[in-house]
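Subject: The structure, and what turned up in it

Hi there,

Here is the structure I promised to pass on, with some notes to read alongside it. Have a look at it first, and then see what you make of the details below.

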Amino acid sequence: MAGIMVICVGKLKERFYQEAAAEYAKRLSGYCRLEVVELAECRLPKNPSPADIHSALEKEGEAIRAKIPPSSRVVALCVEGRMRSSEELARMIGGWQSGPHKNLVFIIGGSYGLHPSVKAMAGAQLSISPMTFPHHLARVMLLEQIYRGFKILEGSEYHK
């Protein structure tokens, strides 16, 4: 069974996000060993300077890199990433499962994104949409797409 880790900067505070993420985690339990790791988002002043933001992203990046297991395929979710269809993501997940990597790690940054070093170390960069979404919603969307990917791979009617 595939090992999938989702590393997220920030905690889900709103109940509706928690419930949606829990539902997809439950659905995914039949397809993979899912681990969701929540890391603290660095606190910033109300109007942070670019240096404040860079410093926070650097600290968050260090915490992210410390959580990535060895032998992992890493995918960073970022605006610069490539948009893919659900079918493309399913094929990618299927290919990664049969590859040499023991874990597939998806990384979702905080409200200011990811440090460039995290994006650079990722084997792939994925964009959910050119629109802006709260990073908490991005987590739910990612979990749903991973679940959809497994359903596509098995030929289920879930994906229409």
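**Salt bridges**

The count of salt bridges comes to nine. Please keep in mind that this is a predicted model, so every value here is computed from predicted coordinates.

Let me start with helix α1, where E23 has two partners to look at. K26 pairs with E23 in a salt bridge whose closest N and O atoms are 3.6 Å apart. R27 also meets E23 in a salt bridge, this time at 2.9 Å from N to O. K26 and E23 are three residues apart in helix α1, about one turn of the helix. R27 and E23, also in α1, are four residues apart, again about one turn.

How open to the surface are these side chains? K26 counts as exposed, because its relative accessibility is 55% and the cut-off for exposed is over 50%. E23 is partly exposed at 28%, and R27 is partly exposed at 30%.

The side chains of K151 and E154 meet in a salt bridge at 2.9 Å, N to O. These two residues are three apart in α5, so about one helical turn separates K151 from E154. Which of the two is buried, and which is partly exposed? K151 is buried, with a relative accessible area of 13%, whereas E154 is partly exposed at 45%.

There is also a network to find on your screen: salt bridges link K11, E38 and R139.

**Aromatic pairs**

A search of the whole structure gives four aromatic pairs. One of them joins F16 and Y17, with 4.5 Å between the ring centres and 50 degrees between the planes, which makes the pair tilted. F16 is exposed at 54% relative accessibility, while Y17 is buried at 12%.

Another pair is made by Y24 and Y147. Their ring centres are 6.2 Å apart and their planes stand at 50 degrees, so this pair is tilted. Y24 belongs to helix α1 (residues 15–28) and Y147 to helix α5 (residues 135–154), so the pair ties together parts that are 123 residues apart in sequence. Y24 is buried at 16% relative accessibility, and Y147 is buried at 9%.

Y24 and Y147 also belong to a cluster: ring pairs link them with Y31 and F150.

**Helices α3 and α5**

Helix α5 comes up again in a helix contact. The axes of α3 (residues 86–97) and α5 come within 8 Å of each other and cross at roughly 75 degrees. That angle falls between 65 and 115 degrees, so α3 is roughly perpendicular to α5.

Which residues make the contact? On the α3 side they are S86, E87, L89, A90, I93, G94 and Q97. On the α5 side they are Q145, I146, R148, G149, F150, I152 and L153.

**Cysteines**

How many disulfides are there? The count is zero. C8 is in no disulfide, and the nearest cysteine sulfur, that of C32, is 14 Å away. C8 is buried, with a relative accessibility of 1%. For C42, the closest cysteine sulfur is that of C8, and at 15 Å the distance is too far for a bond. C42 is partly exposed at 24% relative accessibility.

**A backbone detail**

Finally, a look at S71. This residue has a positive phi of about 60 degrees although it is not a glycine. S71 is found in the loop between α2 (50–67) and β3 (72–83). Its relative accessible area is 40%, so S71 counts as partly exposed.

Best wishes

Notes
Residues are numbered from 1 along each chain as its sequence is written. This is a predicted model: local features need pLDDT of at least 70, side-chain atom pairs count only at pLDDT 80 or more; totals for chains, interfaces and linings use all residues. Side-chain values use heavy atoms; hydrogens and water are left out. Rings of Phe, Tyr and Trp (its six-membered ring) pair if their centres lie within 6.5 Å; planes under 30 degrees apart count as stacked, over 60 as edge-to-face and the rest as tilted. Buried means under 20% relative accessible area, exposed over 50%, partly exposed in between (1.4 Å probe, protein chains only). A salt bridge is a side-chain nitrogen of Lys or Arg within 4 Å of a carboxyl oxygen of Asp or Glu. A disulfide is a pair of cysteine sulfur atoms within 2.5 Å. Axes are lines fitted to C-alpha atoms, for helices over the stretch in contact, and angles run from 0 to 180 degrees between N-to-C directions. Angles under 35 degrees count as roughly parallel, over 145 as roughly antiparallel, 65 to 115 as roughly perpendicular and the rest as oblique. Contact means heavy atoms within 4.5 Å.
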